[in-house]
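Have the viewer open and follow along.

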Amino acid sequence: MNKCAALAALLLSANLACANSLDTLETFLKFTKSGRSDFTQVVTPPAKAGQTTVRSKTSTGQFSFMRPTRFRFDYVKPFPQVIVADGQTLWLYDADLEQVTARKQAQALGSTPAALVATAVDLSALQKEFSLEAQADADGLQWVQATPKNRESTIQSVRMGLRADGAQVSLSKLEIFDAMGQRSVLSFERFEVNPANLGAAQFNFAVPKGVSVIRP
């Protein structure tokens, strides 16, 4: 094979790999109707002027969702916190502050990472809020970058790392870059696809007794 043919073959294979990541995302949106996983989140702030090292913060917990309207993050360490979307309201409970913030879910989500993972049902629905770019496979995952179309979004971009196992697709990693330059990486472990014992009742949220509720 001459050099030109080899280069063409290399480019073609790279393009095919990129195309496959969008196909995999479509499969994830359509057929992974619900999911449950442990997660680790590492948040790294942007470096300040003159700063040589930046200290990251790590959190762990459990994540679950049911398309198209329900999801929850239960943060366990280092501090307990709960984020729940029950289909109508997005609840944020901070146990240390003894405070709950409640927002209308339809207005609060939009071009957020939660829309990518838990609420969109197909690519066309997702493309109303995001520009999607297929990326080359890396680290054994297929990658898609999503950029919010809303210029006022607090999110700059999101990279999704998907793992395909036959007909099943699970979420392995999210890399979130916000408008302030902060990077959050969520790694999902023991991801269960369409678990039989996950139901709508598990996304209900009851305000703890004595906790104040803020409705912005």
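Before we count pairings: two strands are taken as paired if DSSP finds at least two bridges between them. Keep in mind that what you're looking at is a predicted model.

**The sheet**

With that in hand, take strand β1 (residues 34-44) and strand β2 (residues 57-66): they pair in the antiparallel sense over 10 bridges. Within that pairing, Gln 41 sits opposite Ser 59 of β2. On to strand β3 (residues 70-77), which runs antiparallel to β2 and is joined to it by 7 bridges. The link between β2 and β3 is a hairpin through 3 residues. Here Phe 65 has Phe 71 in β3 as its bridge partner.

Zoom out and these strands belong to an open sheet of 12 strands with mixed pairing, in the order β7-β8-β9-β10-β11-β1-β2-β3-β4-β5-β6-β12. Which strands stand at the edges? They are β7 (130-138) and β12 (212-214); each has a single partner strand, so one side of each is left without a neighbour in the sheet. On average, neighbouring strands of this sheet are turned by 20 degrees against each other, with direction ignored.

For a parallel case, look at strand β6 (residues 99-104), which pairs with β12 over 3 bridges. Val 100 stands opposite Val 213 in β12. As background, strands of a sheet pair through backbone hydrogen bonds, either parallel or antiparallel.

**The cores**

Now for the nonpolar packing. The largest nonpolar core has 35 residues, and Leu 25, Phe 28, Phe 71 and Leu 171 are those with the most contacts inside it. Apart from it lies another core, of 8 residues, including Val 82, Val 100, Ala 102 and Val 211.

Leaving aside neighbours within four places in sequence, Leu 171 is in contact with Phe 28, Val 117, Met 160, Gly 161, Leu 162, Phe 188 and Phe 191. Next along is Ser 172, in strand β10 (residues 168-178). Is Ser 172 buried or exposed? At 12% relative accessibility, Ser 172 counts as buried. Not counting residues up to four places away in sequence, Ser 172 touches Leu 141, Gly 161, Arg 163, Leu 186, Ser 187 and Phe 188.

**The rings**

A search of the whole structure turns up 11 aromatic pairs. Take Phe 65 and Phe 191: their ring centres are 6.4 Å apart and their planes are at 50 degrees, so the pair is tilted. This pair links distant parts of the chain, with Phe 65 in strand β2 and Phe 191 in strand β11 (residues 183-193), 126 residues apart. Phe 65 counts as buried, at 0% relative accessibility, and Phe 191 also counts as buried, at 15%.

Both rings belong to one aromatic cluster, made up of Phe 28, Phe 39, Phe 63, Phe 65, Phe 71, Phe 73, Tyr 75, Phe 188 and Phe 191.

| Arginine | Ring | Distance from the ring centre |
|---|---|---|
| Arg 67 | Phe 28 | 4.9 Å |
| Arg 159 | Trp 143 | 4.1 Å |

Note on methods. Residues are numbered from 1 along each chain as its sequence is written. This is a predicted model: local features need pLDDT of at least 70, side-chain atom pairs count only at pLDDT 80 or more; totals for chains, interfaces and linings use all residues. Side-chain values use heavy atoms; hydrogens and water are left out. A nonpolar core is a set of buried Ala, Val, Leu, Ile, Met, Phe, Trp, Tyr and Cys residues joined through side-chain atoms within 4.5 Å. Buried means under 20% relative accessible area, exposed over 50%, partly exposed in between (1.4 Å probe, protein chains only). Contact means heavy atoms within 4.5 Å. Helices (H or I, at least four residues) and strands (E, at least two) are DSSP runs, numbered from the N terminus. Axes are lines fitted to C-alpha atoms, for helices over the stretch in contact, and angles run from 0 to 180 degrees between N-to-C directions. Rings of Phe, Tyr and Trp (its six-membered ring) pair if their centres lie within 6.5 Å; planes under 30 degrees apart count as stacked, over 60 as edge-to-face and the rest as tilted. A charge sits over a ring if NZ of Lys or CZ of Arg is within 6 Å of the ring centre and within 35 degrees of the ring normal.
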